[in-house]
Amino acid sequence: MAQLLERILDFENMTEAWQETRRNGKTAGVDHWSVRRFQRHWERHLRDIIDLVRSNRYKPHKLRIRYIPKRRGGRRRLAIPTVRDRVLQRATLQVLSPKLDRKFLSCSYGYRPGRSLFHAVAAILKYRDRKLTWVLDADIDDFFSSVDLALLQRLIAQNVRDPQALHLLQLWLDVGMVDKKRKKGIAQGMPISPLLSNLYLHEMDKRLVHLRWALVRYADDFIVLTYSRADAERCQGVVADILAGLKLRFEEEKTRITSFDEGFEFLGVAFDRDSYAYTWQDKRVEVHGSRGPLWRMWDYFPHQYE
C-alpha cells in the first residue's frame with residue numbers, strides 16, 4: 001500500500017474528514033443518503049469506505065446536478081457528490097493540500113489555509129498605496145467548465161507520485177467531467193475541485209510573477225495592478241497569451257481596464273479612490289483611508305463562492 005494513500009485512509013484522517021463534511025453540508029447526493037443517516041453508524045461507514053479503496057472496489061457515485069442563481073445573473077452549475085464520496089475527497093484534500101500549498105505563490109488567496117479575502121484586500125490596498133492605481137479587472141470565461149483535463153492530469157502527475165492516489169483523483173475527474181466530448185471541465189461542488197483549480201492556475205501565477213506583474217488572485221477571479229493604463233493594456237495581452245496556453249480565454253464582456261479613480265469591484269468588495277466597501281452581516285461597511293477595520297473581513301466570504 002502506497003504511503004500517500006495510507007495517510008489518506010488513516011482512520012483519524014478519515015474521521016476528521018467526516019466531521020468537516022458533517023459541518024459543511026447536509027445535502028444528500030444521488031443515493032439519497034443524508035449526513036444525518038450517515039451519522040447513525042459513521043464509524044462503520046468509514047471502515048467500509050477504507051475497505052472499498054484498499055480492495056480496489058471503490059467507484060464514486062454519479063453527481064447530483066443543481067443550478068443555482070448567480071448574484072449578477074445567470075446560473076451556476078453545482079455538482080453534489082454523495083456523503084461517502086465527499087468524506088473520501090475531503091480526506092484526500094487534507095493530505096494533498098499541505099503538500100501542494102507549499103508550491104503556490106503569495107499572490108493566490110482563495111481556498112488556502114491561513115489565507116482569505118482579508119489578505120487579498122490588504123494586498124490590493126498595499127499596491128494602491130504604492131501608486132499601482134490602474135487595474136486589469138479580468139474574468140475567465142466559464143473557468144471550471146473549460147479546464148483541459150489532459151493538461152490538469154499532467155500537472156497532477158507531476159505533483160502526486162502515488163499511483164493509487166492518482167487513481168482516486170482520476171476517478172473523480174472522470175465522474176465530474178463537464179464536457180465528455182471535449183474532455184473538459186471539473187465539477188464545482190466536489191471538495192477536491194478548489195485545490196485542483198489552484199494547481200491549474202498556478203501555472204498562470206508563475207508566469208505573471210516571473211514577469212513582475214502585481215497579481216492578486218482568489219480562485220478563478222483575479223486582477224493585475226499597474227502604474228499606468230498603457231501597462232494594464234500591455235498586461236492584458238500577456239495574460240491572454242498565458243490563458244491561451246492553458247486553453248482558457250477572457251470573458252470579453254466582463255474583462256476591462258479600470259482604475260481606483262473610476263472604481264471597480266473585486267469579489268463583492270467595491271474599491272473607489274481611497275475607500276472600499278462591502279456588506280458584512282447585512283450591513284454596508286465603508287472604509288476611507290489606507291486600511292480601516294480589515295479584521296471584519298475574516299468573517300466575510302465572497303457571494304459567488306458560498
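**Helix pair and antiparallel sheet**

In the predicted model, helix H10 (residues 193-210) packs with helix H11 (residues 229-245) at an angle of about 145°, and their axes lie 10 Å apart. The crossing of H10 and H11 is right-handed. From H10, the contact involves Met204, Arg207 and Leu208, which meet Val238, Val239, Ile242 and Leu243 of H11. By residue class, the contact of H10 with H11 comprises six nonpolar residues, no polar residue and one charged residue.

A second element of the model is a sheet. Strands of a sheet pair through backbone hydrogen bonds, in either a parallel or an antiparallel manner. Here, four strands form an open sheet in the order S7-S8-S9-S10, with antiparallel pairing. Strand S7 (264-266) and strand S10 (283-288) are the edge strands, each pairing on one side only. From one strand to the next, the twist averages 25°.

Within this sheet, strand S9 (residues 275-280) and S10 run antiparallel and are joined by six bridges. Tyr278 stands opposite Val285 of S10. Helix H6 (residues 117-129) packs on the sheet, where H6 touches S7, strand S8 (269-272) and S9. The direction of H6 makes about 10° with that of S8.

Technical notes:
Residues numbered from 1 in each chain as written. Predicted model: local features only at pLDDT ≥ 70, side-chain atom pairs only at ≥ 80, totals over all residues. Heavy atoms only, no water. Pairing = 2+ DSSP bridges. Helix = DSSP H or I, 4+ residues; strand = E, 2+ residues; numbered from the N terminus. Axes fitted to C-alpha atoms, helices over the stretch in contact; angles between N-to-C directions. Contact = heavy atoms within 4.5 Å. Left-handed = near helix turned anticlockwise from the far one by under 90°. Nonpolar A, V, L, I, M, F, W, Y, C, P; charged D, E, K, R; others polar.
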